[in-house]
Amino acid sequence: MRDTKYMRTALRLAQRGIGSVEPNPAVGAVIVKANQIIGRGWHKKFGDPHAEINAIEDCKTLGSNPQSAVMYVTLEPCSHQGKTAPCTEAIIAAGLTKVVVAALDPSEHASGKGIEQLRNAGIKVETGLCEKEAKLINAPFIKFAATGRCWTVLKWAQTIDGKMAQADNTQGHQWISNQLSRKDVHKLRQRVGAILVGINTVIADDPLLTARPDKGKKLIRVVLDSNLQIPLDCKLLATAKEAPLLIVASQQAHQANPQLVEEITQTGAEVLVCPDAQGQSNLPFVLDELSKRRIAQLLVEGGPTVISSFLKENLADEICVYISPKILGGSGSVDISGPMAQLTAGFSLHHVVLKPFGDDVRITGLTKGALSELGL
Ligand code: AOF
Ligand code: ZN
């Protein structure tokens, strides 16, 4: 019982890093001696010291000695020299006698090596406590480390009657979700390495697709634009030198429009040519390409056709929907239920979390495919 309580504390600490540590994992650690927590730590920011190091440092700051204490850590400690020195060495040097680990790290540089090193040094290691919770916190990291394929999140906002926009947009852009929900979307953008939309979204909304406020994160902005219809005066192209932009075009459109390709490239954007898919979807190619570029997490922000394609092809891991308590009826347009009707079989989400944002409600959940990738 006590063990679980300490690990849950470490899990809560880990969560503080979400949005700042990616593509690395969010990790938490607590150090316990004589039934007292004597040090706490978590990984705060990409490139900064790991959770274990911060917990050992915290003991020192608080004037306690970690010698003969037990560490509860949410992920297997690293044993490799990365941006920081191996945590296993620090754990051994601090004189801890036991380490309780929630989830193993499936990365090539880890996968059991950290645990082996601790055991070889005579430290008792237990694994698997709160493993499910630990895997869920770091689901994108675990999938990417284990499979080399990026975790895909589909996000959209809709009214109760499934509308994603106002029919009349002569007044400029009118939002479906409220300001609190939109702020939350920017937190989600901080988590991911790339963000993807279809060309219709670019034409209708002229989005910027950056994470705001700017914390220095350079998301790759991806536009599915088979026929190269991107307006040359759009905000995405205007900012292509400041934030990476990838325009995904068909081979045919690329060959037929050399001048246009040149103009797009001149802005600083990259045109990625999809090999002729013979009428098949090009999404697997795009996901492969992003994974090759070490993108561990992709956010798909629509519109409805693109979202439905990811679902139809079983390429989504996580779904995040903001529902606004409105019924737009005839004054709404862009109906999510239209393209969704092409899904031959329905399905339910797993590990669902509901969260209110003012009057809006956010529903998040994982697909069955995601669960099997995580071994849950
Ligand atoms: C983290 N934070 O608290 C732990 C990690 O590039 P580095 O040196 O920061 O090492 C990153 C790897 O270290 C990461 O992929 C994971 O395997 C391991 N553990 N990483 O960022 C942490 N404990
Ligand atoms: Zn480490």
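## A quick tour of the predicted chain

Of the chain's 376 residues, 42% count as buried (20 or more other C-beta atoms within 10 Å of a residue's own; 12 or fewer makes it exposed, and anything in between partly exposed, with C-beta atoms placed from the backbone). This is a predicted model, where local features need pLDDT of at least 70 and side-chain atom pairs count only at pLDDT 80 or more, while totals for chains, interfaces and linings use all residues. Residues are numbered from 1 along each chain as its sequence is written, and chains are lettered from A and ligands numbered from 1 in the order in which they are written.

**Overall build.** There are 15 helices and 16 strands in the chain (DSSP runs numbered from the N terminus: H or I over at least four residues for helices, E over at least two for strands). The C-alpha trace spans about 65 × 45 × 40 Å along its principal axes. Among contacts between residues at least 6 apart in sequence, 73% join residues at least 24 apart (a contact means C-beta atoms, placed from the backbone, within 7 Å).

**The core.** The largest nonpolar core has 105 residues, and A10, Y72, V73, V223, I247 and L298 have the most contacts inside it (such a core is a set of buried Ala, Val, Leu, Ile, Met, Phe, Trp, Tyr and Cys residues joined through C-beta atoms within 7 Å). Helix α1 gives the most to this core, with six residues. Setting aside neighbours within four places in sequence, L298 touches C150, T152, V153, V192, A194, L196 and L290.

Eight of the 11 residues of α2 (residues 51-61) are buried, among them I53, I56 and C59. The buried residues pack against α1 (2-15), β1 (28-33), β2 (36-42), β3 (70-75) and α3 (87-94). Just after α2, G63 has a positive phi of about 80 degrees. Strands β1 and β2 pair in the antiparallel sense over six bridges (pairing needs at least two DSSP bridges), and G28 stands opposite W42 in β2.

**Around ligand 1.** N24, V27, H43, H50 and G82 come nearest of the 16 residues around the ligand (near means a C-beta atom, placed from the backbone, within 6 Å). That shell divides into eight nonpolar, six polar and two charged residues (Ala, Val, Leu, Ile, Met, Phe, Trp, Tyr, Cys and Pro are nonpolar, Asp, Glu, Lys and Arg charged, and the others, Gly among them, polar).

Most residues other than glycine have a negative phi, and most peptide bonds are trans. Here are some that go the other way:

| Site | Angle |
|---|---|
| A34, hairpin of β1 and β2 | phi near 50 degrees |
| C130 | phi near 55 degrees |
| D206 | phi about 45 degrees |
| E22 to P23, cis | omega near 10 degrees |
| G302 to G303, cis | omega about 5 degrees |

C130 sits in the loop between β5 (124-127) and α5 (131-137) and is buried, because 21 other C-beta atoms lie within 10 Å. D206 is in the loop between α8 (199-205) and β9 (220-224), partly exposed with 14. P23 belongs to the loop between α1 and β1.

Key: Contact = placed C-beta atoms within 7 Å.
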